[in-house]
Amino acid sequence: MGGRDSKLEVSNIAAQQELLRLSWRLASNNYGQSENGSDEENKLSMTPTLRPSLSLRARSPSTKTDLENSDLRRFHEEFVDQFLTYCPDLKHSYPIGYLIIAKMIISFISSMVNDKKMDQMLARFARSHAKYDLDQNHFNGFGHALVLTIQKRLGKLATVGLIQIWSKVMQNLVNCMWVAYCKERKRVESSKSRLSSTSTFA
């Protein structure tokens with residue numbers, strides 16, 4: 001019985017991971033590729049990014065970039081609307097540039113749903129945010145906002161069960177981000193303290 005239960009649990013985890021990948025592909029607008037598209041197009045369609053579904057071959061490089069940036073902007077605006085509802089105190093300090101923020105979010109989620117190692121990404125995030133005075137409520141708001149953004153983009157496909165799965169994995173991601181941030185803040189503050197002590201006795 002124990003072996004059967006263990007195999008069932010592994011199967012359930014794999015099924016949930018695949019459900020996350022498929023729903024993220026839909027939420028990131030990466031669907032509707034031509035059935036007669038090239039292998040390159042089909043491979044791209046398997047990679048969760050915010051690309052419109054127009055034929056890649058039909059676009060010039062500048063048009064492709066404009067369309068991608070436009071969709072990134074829409075994703076960012078939907079996320080920010082939700083995020084600032086949870087964290088209104090960050091309204092005046094939130095970065096204006098949407099591309100960097102949107103791409104960071106996409107990278108985090110894409111790595112998570114594809115079960116990739118995220119240590120380096122978390123470390124970069126912590127280094128870039130250590131200068132900000134954030135608390136755990138900000139991180140929780142970030143996670144809630146992402147779940148609601150994904151739910152909104154999925155529409156009727158966002159079942160209660162699916163959103164529960166997203167909420168669970170997003171909470172795990174947020175916890176990892178919070179731990180990395182606290183660790184980096186502690187390191188930065190320790191470095192400042194040492195520098196202050198050195199200058200005092202110089």
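**Salt bridges in a predicted model**

Visitor: How many salt bridges does a search of the whole structure find?
Guide: The search finds 5 salt bridges. A salt bridge here is a side-chain nitrogen of Lys or Arg within 4 Å of a carboxyl oxygen of Asp or Glu. This is a predicted model: local features need pLDDT of at least 70, side-chain atom pairs count only at pLDDT 80 or more, and totals for chains, interfaces and linings use all residues. Residues are numbered from 1 along each chain as its sequence is written, and side-chain values use heavy atoms, with hydrogens and water left out.

Visitor: Which residue does Arg153 meet in a salt bridge?
Guide: Glu78, at 3.1 Å, N to O. Arg153 lies in helix 6 (residues 136–154) and Glu78 in helix 3 (residues 61–86), so the pair ties together parts 75 residues apart in sequence. Helices are DSSP runs of H or I, at least four residues, numbered from the N terminus.

Visitor: Are Arg153 and Glu78 buried or exposed?
Guide: Both are buried. Buried means under 20% relative accessible area, exposed over 50%, partly exposed in between (1.4 Å probe, protein chains only).

Visitor: Switching to helix 7. Where do Arg187 and Glu184 lie?
Guide: Both are in helix 7 (residues 160–200), 3 residues apart, about one turn of the helix. Glu184 is buried at 12% relative accessible area, while Arg187 is partly exposed at 45%.

Visitor: And what does Arg185 form a salt bridge with?
Guide: Glu189, with the closest N and O atoms 3.7 Å apart. Both lie in helix 7, 4 residues apart. Salt bridges that share partners join Asp133, Arg185 and Glu189 into one network.

Technical notes
Helix = DSSP H or I, 4+ residues; strand = E, 2+ residues; numbered from the N terminus.
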